[in-house]
Amino acid sequence: MNVSLILIILLVGAFVTYFAGDKLASKVALFFSLAALGCSVVLLNHFNAGENISLVNAWINQPKISFALNADGLAIAMLLLTTALTPIIIFSSFGNEYKNAKGFYALILFMAFAMTGTFLAADGLLYYIFWELALIPIYFIALIWGNGDAEERRKAVVKFFIYTLAGSLFMLTAFIYLYTKAHSFLIEDLYKLNLSADEQLWIFLAFFLAYAIKIPIIPFHTWQANVYQKAPTVGTMLLSGIMLKMGLYSVIRWQLPIAPLAAKEYMNIFIALGIAGVIYGSIVALRQKDLKKLLAYSSLAHVGLIAAGTYTLTVDGFRGAVLQMIAHGFVVVGLFYTAEIIYRRFETREIAALGGIRTQSPKFTSMFLILVLASVALPTTFNFVGEFTVLYSLSQINIWFAVLGGTTIILGAYYMLKMFQNVMLGETNSKTFADVSVNEGISMVAIIAVLIFFGFYPKPITDLITPSLETILNVINKN
Amino acid sequence: MNTLIAITGLGIFCLLFEILNFRKGIVPFTILGLLGVLALNYYEFGSTASYYNNMITVSKFSTAFSSLFIILTIFLVALSHNFYENHQTKISDYVAIKVFLLAGAVAMVSFGNLAMFFLGIEILSIALYVLAASDRLNIKSNEAGMKYFLMGSFASGIILFGICLIYGAMGTFDVTEIYESSLSAELPIWFPIGMILMTIGMFFKIAAVPFHFWAPDVYEGSPALTTALMSTLAKIVAMATLYKLVSGLNLIPSLENQDLLGTFEHIIVIISIASMTVGNIMALRQVNVKRMLAFSGISHAGFMLMTFLTIATSAGVLLYYAAAYALAGIAAFSVILYVCKNQDNEDITNFHGLGKTNPLLAAILTGSLLSMAGIPIFSGFFAKLFLFNQTIQSGYIALVIVAVINSIISVGYYFKLILAMYSKEPNEVRTGKPFLIYAVAIVSITLNIVLGLFPSLVLDLLS
């Protein structure tokens with residue numbers, strides 16, 4: 001039994017969903033995503049029992065490319081994030097009617113397939129293929145099922161696509177260059193390379209371009225807010241919940257260990273860029289009028305902090321970053337879901353047009369409040385564990401980084417609570433707001449349960465990821 | 001050799017069918033015949049033999065490329081059935097010309113003598129002139145035929161001049177003899193000059209910048225099926241022939257003897273960069289799909305020219321790239337033929353809303369465009385990957401970076417078409433599902449993806 005099983009389930013699921021027809025598509029997709037989740041839990045058990053669930057197969061002889069999937073603790077954590085969020089995301093869309101639903105749900109599963117592959121791939125080129133493959137479905141999801149003016153949406157989506165493709169093509173060039181040195185794309189061979197400082201700098205920058213656009217780190221973030229706003233909520237959830245974690249994960253997995261000298265040399269610059277994202281994102285979020293755009297900028301702020309954590313090159317920074325990736329994945333999906341629930345009832349996302357929902361829907365209000373508090377890293381939530389560890393690692397590098405990074409909590413609390421106040425509290429709204437339905441409640445409760453459970457007890461995840469993070473750190477520090 | 005004879009025989013049969021009044025059976029018959037030829041060609045693979053005083057030499061290179069040409073011709077003949085529906089009386093001519101064109105193509109990659117090479121190129125070109133002008137009541141088609149004929153004859157003249165100079169230098173037309181005498185240190189300057197002239201002539205045929213001016217007009221004016229043929233089959237035939245010329249006549253070492261190798265490589269790099277960049281930037285502004293694909297073809301010619309920098313080892317890469325590009329082109333053109341049937345132009349507006357009215361064909365066109373843009377898992381991605389890998393290994397990292405930037409630009413116009421299909425409202429409903437068009441589109445895109453999943457099938461063929 002090995003990890004390729006999950007890829008097979010998701011890929012087959014995508015095809016079956018497409019052929020199941022519009023009526024059954026959503027249920028079939030949910031079934032397959034749950035199967036993938038179940039399967040990854042089983043794999044986790046096998047992994048914890050010490051079994052080898054990785055896979056290496058020869059694929060192309062010349063140049064030598066292998067179908068290699070590596071499942072260490074870090075990869076499994078990301079795998080679980082993907083397979084846990086996918087059913088939640090699919091289930092959250094049950095209240096909506098989509099035209100050509102079979103295509104929609106098939107694309108979601110296909111995207112989950114590609115993202116899982118990105119997290120697992122242990123061969124540079126295979127990784128690149130999955131990385132690119134993940135881009136195609138989200139492009140169509142945002143383009144065809146998105147909302148807002150068609151012309152603007154087209155512009156936003158095309159910009160997004162060309163940006164990300166441009167970044168990743170430079171990464172491809174870097175990989176090919178590495179291949180000419182190592183004569184292999186396998187990650188362990190790339191780790192062994194001894195590159196000169198100059199070479200490392202160029203490779204580091206090529207990778208950085210790909211990841212900075214995907215994450216996004218400023219100044220490469222300009223595509224983000226528009227696409228988040230225009231994409232259907234499911235697409236936004238996929239993008240912010242999982243896809244941007246691909247970039248953060250890749251920094252730890254590929255960029256830093258392959259070019260450690262450059263990483264150490266220029267560490268401060270990249271941490272500063274991440275923190276600049278925190279401050280910039282928070283300030284811009286303060287002034288947003290559209291709920292989804294506000295969440296997009298708040299997401300920019302949070303991932304800036306995560307990115308800063310990864311570039312600290314400390315085990316705490318890595319651990320905090322990974323914990324926060326998972327926590328942020330859940331919380332952001334939850335927050336976008338609340339925006340969607342509001343939109344279903346009021347058909348608007350203008351913050352100014354909302355208000356007075358609390359009195360009509362107490363359950364929804366309390367769920368939303370928990371999510372807001374989790375997002376501002378209130379202690380006892382999962383996000384607190386992540387952000388606190390990252391801030392701690394930043395303070396080890398330079399106390400000012402921690403101070404500036406810490407503004408995420410202060411500013412975050414300010415704009416999130418202000419948003420909550422404007423959206424939920426205030427005068428009674430003339431329109432009626434039905435409280436959450438059972439379907440909506442299930443997704444929300446699942447997300448909140450994860451956030452609170454791991455907030456109290458993050459040990460299973462830390463135990464899972466720490467050994468592999470230490471291995472990576474050893475590679476970085478080998479010379 | 002047998003392949004060539006069989007193809008010519010098949011062409012004559014096609015003409016006979018006209019006389020016997022079997023027009024209805026001509027497309028299936030020709031497809032079956034070509035499949036037979038393909039099998040015959042398959043059996044020749046791996047053998048090396050030369051015929052008629054070394055006029056024709058069969059090698060792995062020639063059989064591999066011939067197979068690709070035959071497969072493409074099968075697709076093109078299959079598309080003829082629907083395309084010439086309103087010209088039933090002439091269908092046998094059209095099909096026969098395509099088969100003869102294939103004979104020229106096969107001769108061009110299996111020549112052992114420059115005379116045979118020239119015969120091949122003329123057979124192919126004349127067939128193309130006729131096909132370009134074949135819509136004789138349409139003034140654009142006439143213009144295209146005339147333009148192509150004038151430019152093509154110029155190119156042929158230059159090639160012929162080059163052959164003469166080579167004869168003057170070497171005293172022979174025979175490729176092996178030229179190869180042997182080119183090893184001597186003392187070479188008359190006529191030899192490289194003649195080679196350069198032949199190369200220039202071939203650059204005309206593959207439409208590399210700055211010899212590309214005919215391509216957009218001719219592509220636009222010609223009947224769509226002819227455009228399909230030119231942009232897929234004719235382009236890769238010329239590419240393979242040029243490759244064979246440069247490697248077969250031992251150009252690289254002889255240039256090295258004369259200290260001209262650096263110049264030659266610079267020229268290749270410049271032409272390759274110019275073709276990619278001009279082709280892509282011009283394509284961005286086109287509204288006519290055929291014109292857009294003409295420019296995209298120019299940029300792909302630039303990509304394929306990169307193989308000339310590593311000519312000793314890159315035959316497999318060229319074959320792979322050519323196959324990936326041509327299969328994507330066939331798939332794209334079969335959709336274009338379906339969409340633009342009964343339209344008087346091929347503007348992008350015709351494709352509006354295809355994603356809603358005909359999701360299957362829209363998906364196929366999307367796939368082929370993604371392949372041309374170089375997105376995995378389509379074979380176009382692997383073609384670019386192998387090409388870049390080869391080129392970086394020989395030290396041309398700046399060229400690869402330019403190529404990468406060009407790949408990004410190309411996304412701009414490929415996606416214009418995809419956007420039109422998925423984000424605009426449909427403006428008309430098309431009925432009818434012509435079986436052969438669907439079959440060609442599905443088979444060619446499937447082959448494209450299979451090549452992407454198992455690249456070694458083709459890539460290792462020539463090593």
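The centres of domain 1 and domain 2 of chain B, taken over C-alpha atoms, lie 21 Å apart in this predicted model. The domain assignment of chain B places domain 1 at residues 1-258 and domain 2 at residues 260-463. Contact between the two involves 42 residues of domain 1 of chain B and 45 residues of domain 2 of chain B. Chain B also touches chain A, with 24 residues of chain B in contact with 25 residues of chain A.

**Between the domains of chain B**

- On the side of domain 1 of chain B that touches domain 2 of chain B, at least two residues come from each of helix H3 (60-83), helix H8 (190-206), helix H9 (214-221), helix H10 (224-248) and helix H11 (251-257) of chain B.
- The most is given by H10(B), which supplies 14 residues to this side of domain 1 of chain B.
- Sorted by class, the side of domain 1 of chain B that touches domain 2 of chain B holds 30 nonpolar, 8 polar and 4 charged residues.

**Chain B overall**

- The secondary structure of chain B consists of 20 helices and 2 strands.
- Chain B has a radius of gyration of 21 Å, close to the 23 Å given by the globule rule for 463 residues, so chain B is as compact as a globular protein of that length.
- Along the principal axes, the C-alpha atoms of chain B fill a box of roughly 70 × 55 × 40 Å.
- Of the 463 residues in chain B, 60% are buried.
- Among contacts in chain B with a separation of 6 or more, 78% join residues 24 or more positions apart.

**Helix H7 of chain B**

- Helix H7 of chain B spans residues 175-182, and Val175(B), Ile178(B) and Ser182(B) are buried in this helix.
- These three residues are on the same side of H7(B), because they cover an arc of only 60° around the axis.
- The packing partners of the buried residues of H7(B) are helix H5 (114-132), helix H6 (139-170), H8, H10 and H11 of chain B.
- Two of these partners, H8 and H10 of chain B, also supply residues to the side of domain 1 of chain B that touches domain 2 of chain B.

- Helix H5 (124-133), helix H6 (135-145) and helix H7 (150-182) of chain A each contribute at least two residues to the side of chain A that touches chain B.
- H7(A) gives the most to this side of chain A, with 14 residues.
- The side of chain A that touches chain B comprises 19 nonpolar, 4 polar and 2 charged residues.

Conventions. Residues numbered from 1 in each chain as written. Chains lettered and ligands numbered in written order. Predicted model: local features only at pLDDT ≥ 70, side-chain atom pairs only at ≥ 80, totals over all residues. Contact = placed C-beta atoms within 7 Å. Helix = DSSP H or I, 4+ residues; strand = E, 2+ residues; numbered from the N terminus. Nonpolar A, V, L, I, M, F, W, Y, C, P; charged D, E, K, R; others polar. Rg over C-alpha atoms; globule rule 2.2 N^0.38 Å. Buried ≥ 20, exposed ≤ 12 C-beta atoms within 10 Å, placed from the backbone. Domains from an automatic or database assignment. Arc of directions from axis to C-beta.
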